[in-house]
Amino acid sequence: MAEATRARAAPLHPYLPDEIFIWEILLRLPPKPLLRCRAVCRAWRRTISARDFLLAHHTRQPSLPLLYESDDTDDGGGYLDVMPLDRRAGLAAADQLHPLARFDTGGDFTHIEASCDGILMLCTKETDWCLSDVAYYSVCNPSTREYAPLPQLRGFCIAGMYPHPPTGEYRLLMCLDALLEHERHDAPEPDAEHHLYIYTLGSCEQPRDIGWPEAEAAIHTREPVLFRGALHWFIEKDCSESCMIMVFDTIAELFREMRAPAVPSVADLFEMDEMLGMVSFIDGTATVDIWTAQDYDSEVWTSKYRVQLPAAELTLRFGFDKYNSKMVVSSRDDDADDLLILVKSGKWLLQIDRGGKLLASSHHESSLGITQFLLKQTLVQHTFFPTIEGYVVNDWPFFSPDDYAVET
């Protein structure tokens, strides 16, 4: 607060004290209108650009379900739209899903690999002459339009991204890509155990080997949830074994297992009302079971909801197929008990509440993808970005700068 208000004799607003105008009004604005306020005058720009203000602003942003849309362009290229689903009260359904940023993919398949504190990891897959689906990674902040390639991560698969509070760094937990590990000069021998690695964004060092081969085999196939400073993965077990969650302590860099409710199929994790949640879509039915870890430390779970999707209505109107549809569950920040089930069925995106009621539907001609990730936008200028070779702002692969552009 001191940084944003010091050394300014005149108030920013003629009728309001700065304590009210900055910390009760400006702080509550979404990123887009807040960036427009920078153009009012130098004093407004200086205040809004202060790091303490931007950090406080980030904490006020909602965690929005993250979707993406991709398609090929007429000239043989392609694009990827980053599309958070904004469900704030009073916002019409037609205004809830709009691109935050558009990337030029050059016609190669690109998707969102990880999300943390407004930072996204993108994965682009190209076709190699001897290998298919060669993966290249990049890091970006769609709100500030910062982008940097990460060629040193070729040959790895990203298992999770997380902040490291003791150092202020952002780190990636990774494993080797089985298809490409023989091409890396620093890869293990073919008969060596697979290990997990940690890479710090902006570092010139190679990813650091931390071992844990038994964890590597379990976590790289599912998307994690960051909760209480740890990454969590639901682990698929044989029918004879109980369900478990693999937990990675991001400070101690240690793994442990946590008990999970017994479910008849695979499950996904999410955060709900400051608790760890789990959702299971029962195979061959239109039933969704939702659990919460009522006592996280004692690993005590409670069955929260059983949602029956309106399968007959969805099938008739949208061609819903319970075997092939993609579903995720999220909870709205301003109303933790307000759950949303997102269903992708063909070219339709359906929004269903915890009572099984269809809230909204939208048709998309392009390829729409829904993820387990959330996006909590940030305008904070992270120091690691400019240290990466190839770093750009408001430049390719972003499409033409729009009113989200940040002047440098």
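**Helix packing**

Mentor: Helix α4 (residues 42–49) packs with helix α5 (residues 51–60) at an angle of about 60 degrees, and their axes are 5 Å apart. The axes are lines fitted to C-alpha atoms over the stretch in contact, with angles from 0 to 180 degrees between N-to-C directions.

Trainee: Before we go on, what sort of model is this?

Mentor: This is a predicted model, in which local features need pLDDT of at least 70, side-chain atom pairs count only at pLDDT 80 or more, and totals for chains, interfaces and linings use all residues. Residues are numbered from 1 along each chain as its sequence is written, and side-chain values use heavy atoms, with hydrogens and water left out.

Trainee: OK, back to that pair, which residues of α4 and α5 meet?

Mentor: On the α4 side you will find Thr47, Ile48 and Ser49, and these meet Arg51, Phe53 and Leu54 of α5. Contact here means heavy atoms within 4.5 Å.

Trainee: And how many helices and strands does the chain have?

Mentor: There are seven helices and 25 strands in the chain, taken as DSSP runs numbered from the N terminus (helices H or I, at least four residues; strands E, at least two).

Trainee: How much of the chain counts as buried?

Mentor: Of its 408 residues, 52% count as buried, where buried is under 20% relative accessible area, exposed is over 50% and partly exposed lies in between (1.4 Å probe, protein chains only). As for contacts in the chain with a separation of 6 or more, 50% of them come from residues 24 or more positions apart.

Trainee: Is glutamine 381 buried or partly exposed?

Mentor: Glutamine 381 counts as partly exposed, because its relative accessibility is 36%.

Trainee: Where is threonine 378, then?

Mentor: Threonine 378 is also in the loop between β24 and β25 (392–393), but threonine 378 counts as buried, since its relative accessibility is 2%.

Trainee: Which residues does threonine 378 touch?

Mentor: If you leave aside its neighbours within four places in sequence, threonine 378 is in contact with His58, Asp117, Gly118, Asn141, Ser143 and Thr144. The C-alpha of histidine 57, which is 321 residues away along the chain, is separated from that of threonine 378 by 7.7 Å.

Trainee: New topic, where does serine 366 lie?

Mentor: Serine 366 is in the loop between β23 (358–363) and β24.

Trainee: Why does serine 366 count as buried?

Mentor: Serine 366 counts as buried because its relative accessible area is 15%. Not counting residues up to four places away in sequence, serine 366 touches Glu69, Ser70, Asp71 and Tyr79.
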